[in-house]
Every structure is written in structure tokens, then in C-alpha cells.
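Here is a brief report on one model.

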Amino acid sequence: RFMLRFKNGSTIIFRGSNNQQHRIRRGQEFHLAGIDEARDVDNLTELIESVVFPSLFSSDGHMIISSTPADTRSHPLFTYRTQAEVEGWIIKIPIFEANKLDPSSYPLEMINEWKEETVKAPDGQDIWEREYECKWVINKRKMAVPEWKTETMVQSFSPDPFNQFYHHYVGIDWGYKDFTAI
């Protein structure tokens, strides 16, 4: 079950990752591991750091993480994506690039129809950019301060000669019902 065996001795194992299912794969050795739709995996960090990485160590194997971006930067996938961009490991294929690579599977007429239908929905433009253009778009309904604009609300600070004598504080308002932090 959930396994393909080939004549050359290779095996492909398919397993779910949510509800702690990934823990049953601990202690095995793999040459290649893939995590699909990583943004929807419960405990993504535990899966990658405690199960997948150790299973690739002795084989000098590789891991492929595929996913559309999550809708918040606090998702663990954002950290892995950022590292992949810095290291040059990331491949992004937005829908219009998919059309160039395979126009018969992704015809422009169909893409334009999908876009037209998608942007009609609430948050439709954000959904289109995230799901079809591979952009990391923040869901404004999940933002602690939706009206926040970094370019107008963040100012540079130049310490003065007395900076070493100041008391520095970090304050957090945890929220009462939604547990968002500011």
C-alpha cells in the first residue's frame, strides 16, 4: 500500500504528513524526499528538521519542497523559501510561465478565464497572486494592523551620544481574543 516498487530495486513510498503520520517514517534512509503543498502540512518544521533531514543524511540525499506560498510570513515555509532564494535553490513557475513551458496544458484563454473568475471572489486579487503568480501575498484579514505601511510608519533611528544610558523596552500586546501580537 502507498508504495511503488521497480525492477531495479527502487521504491517510492507515499505517506501523509498531517496528524503526526510523518513520525512513522522516522529512522529510515531516503535518497530523495518530496513534500508537496508544504503550506498545508501540520508541524512542517518538525517534519523537515526531525524526520526528512535525518533520513537524507547518510545517503547524501535531496529534498524537494513544493507549494504555493502561505498567506502569512509567520508560516515556517517562509523561512525555507527565503533560504532557498538566498542559496539559489528555488524554482518559481507562475501560471504565465507554465503557459510558455506547456501551452497545450495551460492555454492563455483558460488562464485568463481562471483569473477573471478568481479575482471576483473576496480577496480574489490576493488569491490570484498567491496561487497563480507564486507571490507571497499577506492575507489582510490575518494582519494585526491591516493599515500598516512600512514605507510611512517605519523611521530610521540614529543613536545619539547618550544612547548607552537609555532604557530600552520591547512591549507586546497579545490581544484578548485573537492572540495577535503588536
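Which residues in α4 meet which residues in α5? Ile111, Trp114, Lys115, Thr118 and Val119 in α4 meet Gly124, Gln125, Ile127 and Trp128 in α5, where contact means heavy atoms within 4.5 Å.

The model is predicted: local features need pLDDT of at least 70, side-chain atom pairs count only at pLDDT 80 or more, and totals for chains, interfaces and linings use all residues. Residues are numbered from 1 along each chain as its sequence is written, and side-chain values use heavy atoms, without hydrogens and water.

Helix α4 spans residues 108-120 and helix α5 residues 124-131. Helices (H or I, at least four residues) and strands (E, at least two) are DSSP runs, numbered from the N terminus. The axes of α4 and α5 lie 7 Å apart, at an angle of about 140°. That makes α4 oblique to α5.

Asn43 is partly exposed, at 40% relative accessible area. Cys134 is buried, at 18%. Buried means under 20%, exposed over 50%, partly exposed in between (1.4 Å probe, protein chains only).

Asp71 sits in the loop between β4 (62-66) and α2 (76-87). Asp71 counts as buried because its relative accessibility is 17%. Its contacts beyond four places in sequence are Arg130, Val137, Ile138, Asn139 and Lys142.

Terms used:
Axes fitted to C-alpha atoms, helices over the stretch in contact; angles between N-to-C directions. Parallel < 35°, antiparallel > 145°, perpendicular 65-115°, else oblique.
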